[in-house]
Amino acid sequence: MTRVVGPGEPFGRPVRRIAVAGSAGSGKSTLAQALCERLGVPYVSLESFYLGPGWTVRETWEAEVLGFLDGDVWAIEWQGEQVRERMTARVDVLVWLDHPRALAMARVVKRTLQRRFGRGSEIAAGNVEGPLRGVFTDREHIVRVAWRYHPIMRARVRKVIDENRHPGLVVVRLRGQRQVDRWLRGPVSALRGGR
């Protein structure tokens, strides 16, 4: 049975594979990277499998992600429509960054501005986001995509919970950065060296 827990509750099972769900700007990549450090494994972003130069989609991305998921220990972002179900079937813990929309949007805008000035996180394959002003003209601008997908991501995670098709799956629901920090200081601290 799928169990939903909060930031202070223990996992209740061994944890070796973690996926991080959330809208753009929720901190999926940052948290997945921190979890990999705790698990003692290298971090690989899902985006690095997916994106080629010029915002192209790499032909081999699905096979590469599935090969990665065959590993014994990992943490990665819960993305990729074509691989998400198989990823869910492999995870021990699905971390749901269910932040308020305003927080996620503020982070997306901040990240976009930082990237424009060379101070933000890099995008796979050397891709570069367009300027923030593109939000008014480009339907696929990251800020507009983030706004649209915020409720969609919530619905996807709720569906996993409601369908209850993954025995033993633990969903950790975190709302806001304080809960993320509390979770990292609490249950996640037990992952150190606990492979």
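**Exercise 1.** Work out how strand S5 is covered and which strands pair with S5.

*Solution.* Strand S5, which spans residues 170-174, is mostly covered, since four of its five residues are buried (buried means under 20% relative accessible area, with a 1.4 Å probe and protein chains only; strands are DSSP E runs of at least two residues and helices are H or I runs of at least four, numbered from the N terminus). This is a predicted model, in which local features need pLDDT of at least 70 and side-chain atom pairs count only at pLDDT 80 or more, while totals for chains, interfaces and linings use all residues. Residues are numbered from 1 along each chain as its sequence is written, and side-chain values use heavy atoms, with hydrogens and water left out.

Next, take the partners, remembering that two strands pair if DSSP finds at least two bridges between them. Strand S1 (residues 3-5) runs parallel to S5 and is joined to S5 by three bridges, whereas strand S4 (residues 93-97) pairs with S5 in the parallel sense over five bridges.

**Exercise 2.** Find which residues of helix H3 are buried and what they pack against.

*Solution.* Begin with the helix, residues 61-69, where Trp61, Val65, Phe68 and Leu69 are buried. Seen down the axis of H3, these buried residues fall within an arc of 100° (taken from the directions from the helix axis to the C-beta atoms), so they line one face of the helix. The buried residues of H3 pack against helix H2 (46-50), strand S3 and helix H4 (84-90), where contact means heavy atoms within 4.5 Å.

Note on methods. Buried means under 20% relative accessible area, exposed over 50%, partly exposed in between (1.4 Å probe, protein chains only).
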